[in-house]
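This note goes through the model in numbered points, for a reader who is new to such descriptions. Please keep the sequence and the structure in view while reading.

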Amino acid sequence: MANKPLVSIVMGSDSDLDIMNEAAKSLAEFGIPYEIDISSAHRSPARTSEYSRGLKARGVQVVIAGAGGAAHLAGVIAAETTLPVIAVPIPSTPLLGLDSLLAMVQMPAGIPVATVAIGKPGATNAGILAAQMIGLHNAEVAKKLVAHKENLAKGVEAKSKKLKESHSHEHDIGTDFFSGPADSK
Ligand code: C2R
């Protein structure tokens, strides 16, 4: 795959980076080139508009926008581009991301953003969702998405096996315990 970024990861502040790195990790897993930057609809509105308007011409196909608190970044980017925008609510205030979740998910009709879960699981899923959009017309990514699902299923099988093994062991101990020492009977 060419190295031109297909996905843009944008966040409102560098304090969001730890969470937004999870989106980058997902994209890397699917071999999707991305760019990552900081912009704020509140603190740098002109920069945010200019950046959003230039995305399509540069070949970017999906935007992942993370922000906390009164999170307007994803909505403002969506207002400036026809590219799909995925929003990641960041738990960066005393309201723990519920504030950003509601701000992001409650977009007015006409300007959708696809809002995922609060925090790291949401950021991980944002990367996978972006890969699924790209996989619609990219066979290489589509193949990796199938392998991803297979790996998830294998992971559950492995956990199930481990759980059964540990419980059959505990059952042995339990049997010994309830039967008690021979001289107590
Ligand atoms: P600081 O840590 O820089 O004070 O930022 C950021 O995403 C971050 O979670 C605190 C929080 O403010 C958020 N922020 C927004 C926007 N810009 C910054 N929600 C925006 O434009 O929506």
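This is a predicted model: local features need pLDDT of at least 70, side-chain atom pairs count only at pLDDT 80 or more; totals for chains, interfaces and linings use all residues.

1. Ala87 has Thr115 of β5 as its bridge partner. Strand β4, residues 85–90, pairs with β5 in the parallel sense over 2 bridges.

2. The open sheet has 5 strands in the order β2-β1-β3-β4-β5, and their pairing is parallel. At the edges stand β2 (34–38) and β5 (114–115); each has a single partner strand, so one side of each is left without a neighbour in the sheet. In general, strands of a sheet pair through backbone hydrogen bonds, either parallel or antiparallel.

3. Two helices should be read together with the sheet. Helix α1 (residues 17–29) lies across β1 (7–11), β2, β3 (62–68) and β4, and runs at about 170 degrees to β1. Helix α3 lies across β1, β3 and β4, running at about 150 degrees to β3.

4. How do the axes of α2 and α3 lie, and at what angle do these helices pack? Helix α2 (residues 45–54) packs against helix α3 (residues 73–80) at an angle of about 50 degrees, and their axes are 8 Å apart. Therefore α2 is oblique to α3. Thr48, Ser49, Ser52 and Arg53 of α2 make the contact with Leu73, Val76, Ile77 and Glu80 of α3. By class, the residues of this contact are 3 nonpolar, 3 polar and 2 charged. The crossing of α2 past α3 is right-handed.

5. Finally, the ligand is surrounded by 18 residues, of which the closest are Gly12, Ser13, Ser15, Ala41 and Gly68. The shell around the ligand comprises 7 nonpolar, 9 polar and 2 charged residues.

Definitions and conventions: Residues are numbered from 1 along each chain as its sequence is written. A residue is near a molecule or strand if its C-beta atom, placed from the backbone, lies within 6 Å of it. Ala, Val, Leu, Ile, Met, Phe, Trp, Tyr, Cys and Pro count as nonpolar, Asp, Glu, Lys and Arg as charged, and the others, Gly among them, as polar. Axes are lines fitted to C-alpha atoms, for helices over the stretch in contact, and angles run from 0 to 180 degrees between N-to-C directions. Helices (H or I, at least four residues) and strands (E, at least two) are DSSP runs, numbered from the N terminus. Angles under 35 degrees count as roughly parallel, over 145 as roughly antiparallel, 65 to 115 as roughly perpendicular and the rest as oblique. A crossing is left-handed if the near helix is turned anticlockwise from the far one by less than a right angle, and right-handed if clockwise. Two residues are in contact if their C-beta atoms, placed from the backbone, lie within 7 Å. Two strands pair if DSSP finds at least two bridges between them.
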